[in-house]
Amino acid sequence: MFGPNTHTEGKLDISYSHRDRTFFDLYSTVTKKFRRTFNLRNYDILFIPGSGTVGIEAVFNSVKNNIKVLGYGKFVDRWTELSKRYSSNTQDKNNMYVQLETSISETFYFDGATIVDAVSSFPFYDLVSPKIFVTCSNKILGSFPGLSIVGVRQDSWGMIKEDESFSYLNLYLYKKYSEKNQLPTTAPIHLFSHLEKTLDEFDSYRLKNKIFEVSYLVGDAIGRQNLIGSHICPVLTIPKEVIPIDLAKKYNLYGLNTDGKNYQIFTYSDKLSNYSNFVKDVKKYKYQK
């Protein structure tokens, strides 16, 4: 419960292939709806099969200059290591930051940074017109996992290497295929189909209200002083000693089966009634204690 995308539902009927006109039309429709829904008309939107991490690595592989990752946290450390793998001899650098560092429930913004990891933050937090951003079909957006989404501002393609070679991580190749409403590899049609449905039903106001409401509910029950990082956030981070193990097991809290020191509650993924039941149990435990 309360992990990312624990309650994603969908019923799909696919009767065509990724090289049929029907899919080309679907690709075009999803691209237009994504740009329109999130007011990204000055961005080219690329879809890459895989998690948000795949999109991040595609950016590292595709930009001309080295990337310097700003900030701190688990994902900053991970991308810093990745930057070493793709380092080149050039002295020029692109600055990148993680908009929501979920490991510590902290948000970041660095003026002048050109690349944003928005995998866990989009679309709850506004993008501040970066040259490149990366997000995914699942997480806050709420569609099926498996599609990384890379946005390249249309005036910023000069940052990307014009590489014709085949690679799963070559943004230039995805751009060339996107012009034909295709992917260079076999497209996960079901993910595009579900993403279209998600975009049709997406309500930014309702989503943000839910995150605020759940954040306040959980924060008030547990005590905001016991939360790590922001207390209004798509993911709340709570030290394990704050929540009794019986409650953690009952609700199968995210982090229960890891050696980490914290539990996490994603405030957008579950039904509101389940959050309310959890809060009631937390208050009952505190009262009995």
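At 1% relative accessibility, V59 counts as buried. Buried means under 20% relative accessible area, exposed means over 50%, and partly exposed is in between, with a 1.4 Å probe and protein chains only. This is a predicted model, where local features need pLDDT of at least 70 and side-chain atom pairs count only at pLDDT 80 or more, while totals for chains, interfaces and linings use all residues. Residues are numbered from 1 along each chain as its sequence is written, and side-chain values use heavy atoms, with hydrogens and water left out.

Back to V59. Where is V59 found? V59 sits in helix α2, residues 52–62. Helices (H or I, at least four residues) and strands (E, at least two) are DSSP runs, numbered from the N terminus.

What does V59 touch, beyond residues up to four places away in sequence? The list is I67, I115, I132, V134, V150 and L171. Contact here means heavy atoms within 4.5 Å. Y251 is another matter: V59 and Y251 are 192 residues apart in sequence, and 37 Å apart in space, C-alpha to C-alpha.

Now the whole helix. Eight of the eleven residues of α2 are buried, so α2 is largely enclosed by the rest of the structure. Among those buried are G52, G55, E57 and F60.

Next, the whole chain. How many helices and strands does the protein chain have? Eight helices and ten strands. The radius of gyration is 20 Å, close to the 19 Å that the globule rule gives for 289 residues, so the chain is as compact as a globular protein of that length. That radius is taken over C-alpha atoms, and the globule rule is 2.2 Å times the number of residues to the power 0.38. The C-alpha atoms fill a box of roughly 65 × 50 × 30 Å, taken along the principal axes.

Buried residues make up 52% of the 289. Take the contacts with a separation of 6 or more: residues 24 or more positions apart account for 63% of them.

On to the rings. Rings of Phe, Tyr and Trp (its six-membered ring) pair if their centres lie within 6.5 Å; planes under 30 degrees apart count as stacked, over 60 as edge-to-face and the rest as tilted. By this rule the count comes to 26 aromatic pairs. Take F47 and F192. Their ring centres are 5.2 Å apart and their planes are at 70°, so the pair is edge-to-face. F47 lies in strand β1 (residues 43–49) and F192 in helix α5 (residues 189–201), so the pair ties together parts that are 145 residues apart in sequence. Are F47 and F192 buried or exposed? Both are buried.

Compare F166 and Y168. Their ring centres are 5.6 Å apart with planes at 75°, so this pair is edge-to-face. Both F166 and Y168 are exposed.

Ring pairs also build a cluster. Its members include F23, Y27, F34, F47 and F192.

Last stop: N226. This residue is in the loop between α6 (204–222) and β9 (235–239). At 24% relative accessibility, N226 counts as partly exposed. Which residues does N226 contact, leaving aside neighbours within four places in sequence? They are T237, I238, P239 and V242. N226 and T237 are eleven residues apart in sequence and 8.9 Å apart in space, C-alpha to C-alpha.
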